[in-house]
Amino acid sequence: MAVSPNQTVREGEELDEVGLKQFLLEHNLIADTNNVLTVQQFTNGFSNLTYLLKIEGKEYVLRRPPFGAIKRGHDMGREFKVQKALKSAFSKVPAMYAYTEDTKYTGSSFYVMEKINGIILSFQEAKKRQIKPIEYGTISNSWLDTMVALHQVDYEAVGLGDLGRPEGYVSRQVTNWGKQYVKAATDQIPAAAKVMRWMEEHQPKTYHHSLIHNDYKYDNVAFKDASFKEISAVLDWEMATLGDPLMDLGTSLGYWTMHSDNDFVKQGISSPTVFEGNPSRSDIVQGYAEKSKSPVDHIVFYYVYGLFKIAVIVQQIYYRYKHGYTADPRFAKLNKAAELCCNIALKSIQTNKID
């Protein structure tokens, strides 16, 4: 099955097709600007905008920032650089074709890359496929193997040593995500302040360094086929950097809602991980430790951090929605999702558990 977009582009998120065809011509991706270009949009994501381009019998994917977004967190050049450099050591990324910061083509920076075929396992896709519980063992194993492989990439050898500053990464993240939450806040969420204060006081001081994806979950990978034994590509690299790999794991755990979780939690953070047969969050931690041959300490901190980061991300999207930068109706209740993540994080602190 091919990863497929919707048939139409959302109103207000159209591309300048004349400028876009000129760009494709200049980078030898098409032969003639007079040929018909068809543009469709992938509408599952909540952040950067992704389009399918069809022209001259070819298919490309274009990524650009959301309309009205600041560059921080939506750096197209960073995404392009990471994936282009990674390709030689970590095959599970799309091929990168061209990037520009020049706004004359479509009004923003963007890049064009290979279209990946495969299965993106969103909640809706998993439900539609009626995946059997036993299959989730294979799915989670493939997913976890790929995460561990990414964390073992020699980032200096592939030319990504300047991507970030791994020393002091944990402290900076705790501080920066707290600042971003305060800046994007729209509602009073008492748990948020308690979680921020706890993270400041309980953050690990020593940790390993690696390349991290920072948004690694089921629907940010493309499985090669319905056997789910192999991942074709990891997608959405906008937050990739150098830091503590357990921060990556913690973010994944934040998205890892379980069958045994409260119904309100499962509805608020919908994920294929809620279906029976998926391992628990603790099982994922144990599997990561075994596959990476590294101890996983302070796991409550990393889980709480992951939940809080998700809270900030959805709160920032809600802030854009509330202030009219996007009319996407999916964003209308993301402030409630932010509150939910903060409340779950506080409960984990109070119980010292992640399941």
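Predicted model: local features only at pLDDT ≥ 70, side-chain atom pairs only at ≥ 80, totals over all residues.
User: OK. Which helix gives the most to the lining of the second largest pocket?
Analyst: That is H11, with five residues. H11 spans 334-351.

User: Which other helices supply at least two residues each?
Analyst: Helix H7 (245-255), helix H8 (263-268) and H10 do.

User: How much space lies in that pocket, and which lining residues are closest to its centre?
Analyst: The second largest pocket holds about 320 Å³. Its lining has 19 residues, and Asp261, Val265, Arg281, Ile344 and Lys347 are the closest to the centre.

User: And the lining by class?
Analyst: Eight residues are nonpolar, six are polar and five are charged.

User: Switching to Tyr305. Where is it found?
Analyst: Tyr305 is in helix H10, which covers residues 299-322.

User: Buried or exposed?
Analyst: Tyr305 counts as buried, because its relative accessibility is 1% and the cut-off for buried is under 20%.

User: What is Tyr305 in contact with, leaving aside neighbours within four places in sequence?
Analyst: The contacts of Tyr305 are Tyr169, Gln173, Trp177, Met199, Met247 and Thr251.

User: Which side chain makes a polar contact with the side chain of Tyr305?
Analyst: The side chain of Trp177 does, at 3.3 Å.

Methods: Residues numbered from 1 in each chain as written. Heavy atoms only, no water. Helix = DSSP H or I, 4+ residues; strand = E, 2+ residues; numbered from the N terminus. Buried < 20%, exposed > 50% of the residue type's maximum accessible area, 1.4 Å probe, protein only. Contact = heavy atoms within 4.5 Å. Polar contact = N/O pair within 3.5 Å; in protein donor to acceptor, adjacent residues only side chain to side chain. 1 Å grid on protein atoms, 1.4 Å probe; cavity = no way out; pocket = protein on both sides within 12 Å on 5 of 7 lines; lining within 4 Å. Points joined across faces, edges and corners; volume = space filled by probe spheres on them. Nonpolar A, V, L, I, M, F, W, Y, C, P; charged D, E, K, R; others polar.
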